[in-house]
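Dear colleague,

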Amino acid sequence: MIRKLLVANRGEIARRVFATCRTLGIETVAVHSDADVDAPFVTEADQAVRLPGNTAAETYLRIDQILEAARRCGADAVHPGYGFLAENAEFATTVTDAGLTWVGPPAKAIAAMGDKLSAKALLAEAGVPMLPTWTDPAQVTSFPVLVKASAGGGGRGMRVVRETAGLAEAVAGARREAAAAFGDDTVFIERYVERGRHVEVQIFGDSFGTVAALGVRDCSIQRRHQKIVEEAPGVLPDEVRERLHEAAVAAGRAVEYVGAGTVEFLLAPDGEIHFLEMNTRLQVEHPVTELTTGLDLVRLQLLVAEGGSLPLAATPAATGHAIEVRLCAEEPAHGYRPATGTLHRIALPGVVAEFGPLAAPGLRLDSGVVDGSAVSIHYDSMLAKVIAWAPTRAEAARALAGALARAELHGVATNRDLLVRVLRSPQFAAVDIDTGFLDRQPEVFAALLPAEQRPLVALAAALASAAARRAAATVLAGLPSGWRNVPAFPQVARFAAADGDEIEIRYRLDRAGRLTEWTTSPAGSGSATWTAGGEPTVSLVEAYPERVVLDVDGVRRVYRVHRVGSEVFVDGPDGAADLTELPRFPLPTAELAAGSLLAPLPGAVARVHVEVGQRVAAGDLLLTLEAMKLEHPVLAPTDGLVTELPVPPGGQVDTDAVLAVVTPDEESPS
C-alpha cells in the first residue's frame with residue numbers, strides 16, 4: 001500500500017490530491033519552485049522540497065529533481081496531477097524504474113495517446129469514429145479547418161482557418177506555440193465542424209482488464225480553445241450518450257488503459273461523434289463527475305495504482321447536475337489577457353466543501369490560492385474552480401451564478417463577470433451551446449456593473465475612505481466625516497477605474513453627517529449633480545470604513561468596501577468595481593515618446609520580427625511576448641518607422657516596459 005505520496009505538480013491539483021490523501025492516512029510531499037514557496041499547497045503538505053528556479057522548465061519539468069525529492073523524503077509513490085509531466089511517458093517509466101508506485105496509466109498508453117496523429121490511426125482501427133485529417137497543408141482542399149499541435153493539450157497551438165490564404169501562417173504560428181509549450185512543433189490539420197459541441201467521457205481502467213465509462217461531460221463553452229464552463233451529465237439523447245460510452249471504452253481497451261483518463265469527442269449538429277483526443281490523466285473538470293456519481297476519482301486512482309480492482313460493475317447513474325467554472329486571473333478591460341499581482345481577498349458565499357463531496361446541494365471550491373496569494377507570470381492563469389451541484393441543471397446554474405456575483409475577488413482582475421453572464425444567458429439555459437458560443441454572444445462580455453451605477457460605487461468608495469480617515473484620526477476625532485467649517489467647499493475624491501476612466505466625486509455633508517449634495521464627473525461625459533431633491537434621490541444611511549449604505553429613491557443599497565493602499569474594492573448589489581484613489585496633487589511623470597508600445601504584462605520577448613529603421617504598416621507584427629503559457633503579439637499601432645527596439649529576444653520585461661517605438665509617418669525623420 002502507498003505510504004507517502006509525492007505530487008509532482010502545484011496549485012489546485014496538488015491541494016486536491018492532498019485532500020484525499022488526508023482522508024486515507026497517506027503522508028504527502030510537495031515540490032515547489034521559488035515562486036511557489038509560500039503557496040497554499042506547500043504549507044498543506046506534510047513535507048516539501050524546493051526545486052531551485054521559477055519557470056516550469058527549471059522546476060516542475062525536471063524529472064531528475066523530482067525523483068531526487070522523492071528519494072530525500074522517502075516517498076514511495078508519485079502522482080503527476082495534470083499538466084507539466086502528467087502525460088510524459090518518460091516520466092512514468094523513470095518513476096517505475098526507480099521502484100516507486102506510479103499513480104497514472106502505463107507509460108505505453110501515455111506514449112500511444114501522446115502523439116495525436118498516432119492515436120488517431122490506432123483508435124481508427126478499433127472502430128472509434130474520426131474526422132478527416134491532413135499533415136501536409138497542400139493536401140487541404142476544403143475549409144474551414146483546425147490546426148492542432150500533435151503533442152500536449154489545453155488549446156495550445158490551435159488555430160481555426162477558414163480560407164487557403166491564412167493556412168500557412170496558422171501552421172507556422174501553431175508550430176511556434178507547440179514548440180514553446182510542449183517541446184514538439186509537430187502539427188496536423190483536421191476538418192473543423194461548425195456548431196460542434198465538445199463532449200468527453202470519463203473512463204477508468206484497472207490492471208484486470210476492466211474499462212468503465214463514468215458518464216459524459218459537456219465542455220463546449222470555450223475561449224481561445226480553452227474550457228471555461230463544464231457540466232455533467234451532458235444534456236444529450238440517450239442514444240448519443242450510449243455511443244459515446246461505447247467509443248470511449250473501445251479507446252481505453254485498445255491501449256489497455258489503467259487509471260483515470262478522458263476521451264474527448266466533437267459532437268456534430270447531426271448527432272455524429274468524432275474522436276478528438278485522449279487525455280491520459282485526471283482532467284481539470286473531474287469534480288463535476290465526482291459530484292454526480294458520488295465517486296472520489298483520486299481515491300480510485302490510488303486504489304488502482306496499488307493493484308486493486310475497480311469497484312464498478314457498470315456506468316454509475318448520475319444524480320443531479322453539476323456545473324463547474326474556471327475562475328481565472330484575466331483583465332476584461334484588456335481583452336482578457338492574463339493578469340498578475342496579489343490576490344488580497346477571495347471569498348465566495350455558499351461554499352460548503354473544498355476539494356471534496358457534497359452531502360446536499362451546494363457549492364464546492366477547488367482553489368490553488370487563498371487571501372494574499374501571489375499570481376505570477378510563470379504559470380497559467382487559473383485561480384480556482386467553483387462547482388455547483390443541485391437536483392436540476394437550472395438550479396445549479398442559478399446557485400453558481402449567484403455565488404460568483406456576490407463573491408469578493410480583490411487584487412487581481414478575473415473573468416468572474418463573463419462567467420456569471422454565461423450562466424444567466426437564455427442560450428445557456430436552453431442548452432443552445434457549442435464551441436462557438438462566445439463568438440455569437442458578445443453581450444456576455446459586458447461587465448455586470450452597469451455604467452450608470454458606477455457613480456454610486458465611486459461615491460461609496462469616497463465615503464468609506466473618509467470614514468476610515470476619521471476612524472484613524474487623533475485630532476478632532478468627534479467631528480462627522482467630511483464636515484467642513486466653510487460649507488462652500490465640498491469634499492473631493494478622484495478614482496481611476498480598471499478600464500482607465502477617471503471619476504471625480506464632490507460631495508457635502510451637513511453637521512449631522514447627512515449627505516446634502518454630490519456631483520460626479522466621469523471622464524469624457526461632463527458632470528451631473530444629484531441632490532436630496534433631485535432624481536434620483538440619494539441619501540446616506542451609514543458610512544463605515546468597510547460598509548456604506550445609501551438610500552437611492554427609497555431603496556437601501558449596501559456596498560462592501562475593502563481598501564488596500566490606494567486600491568479600493570467595492571462590492572455592491574449590481575456588481576463589483578476595482579478603483580484606485582488618485583492623489584489630489586499628482587507628481588509629474590516622465591513623458592513617453594510618441595508611438596511607444598508598452599508591455600501589457602510581465603513576460604519575455606520571444607521573437608522580434610522587425611529591425612530599427614524598418615518601415616511598417618498599422619497592424620504589422622513587431623514582436624511576440626510570452627507570458628503565462630500564452631503568446632501575445634505586439635502590433636504596429638500606425639504606419640511609421642521603427643525607431644526603437646530596446647528589448648532583445650529572450651529579454652524579460654515588467655508591465656508597462658517599452659517594447660518598441662513606432663514613429664508615425666508624419667513625425668518620422670526624413
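E408 is buried, at a relative accessible area of 13%, where buried means under 20%, exposed means over 50% and partly exposed lies in between (1.4 Å probe, protein chains only). Its salt-bridge partner is R345, and the closest N and O atoms of the two are 2.9 Å apart. A salt bridge here is a side-chain nitrogen of Lys or Arg within 4 Å of a carboxyl oxygen of Asp or Glu. This pair connects distant parts of the chain, 63 residues apart: E408 belongs to strand 26 (residues 408-410) and R345 to strand 21 (residues 345-347). Helices (H or I, at least four residues) and strands (E, at least two) are DSSP runs, numbered from the N terminus. R345 is partly exposed, with a relative accessible area of 22%.

The model is a predicted one, in which local features need pLDDT of at least 70 and side-chain atom pairs count only at pLDDT 80 or more, while totals for chains, interfaces and linings use all residues. Residues are numbered from 1 along each chain as its sequence is written, and side-chain values use heavy atoms, with hydrogens and water left out.

Across the whole structure, the search finds 43 salt bridges. One of them joins the side chains of R364 and E290 at 3.0 Å, N to O. Here too distant parts of the chain are linked, since R364 lies in strand 23 (residues 362-367) and E290 in helix 9 (residues 286-293), 74 residues apart. Both R364 and E290 are buried.

R547 and E542 also form a salt bridge, with their closest N and O atoms 2.9 Å apart. R547 is partly exposed at 38% relative accessible area, and E542 is partly exposed at 24%. Elsewhere, salt bridges with shared partners join E200, R217, K227, E230, E264, E285 and R326 into one network.

I turn now to strand 34 (residues 567-572). Five of its six residues are buried, so the strand is largely enclosed by the rest of the structure. Strand 34 runs antiparallel to strand 33 (residues 555-564), to which five bridges join it; two strands count as paired if DSSP finds at least two bridges between them. Within this pairing, R563 has V568 as its bridge partner. The two strands form a hairpin with two residues between them, and G565 in the turn has a positive phi of about 65°.

Strand 34 is also joined by six bridges to strand 35 (residues 575-582), again antiparallel. D571 has A576 of strand 35 as its bridge partner, and a hairpin connects the two strands through two residues.

With kind regards
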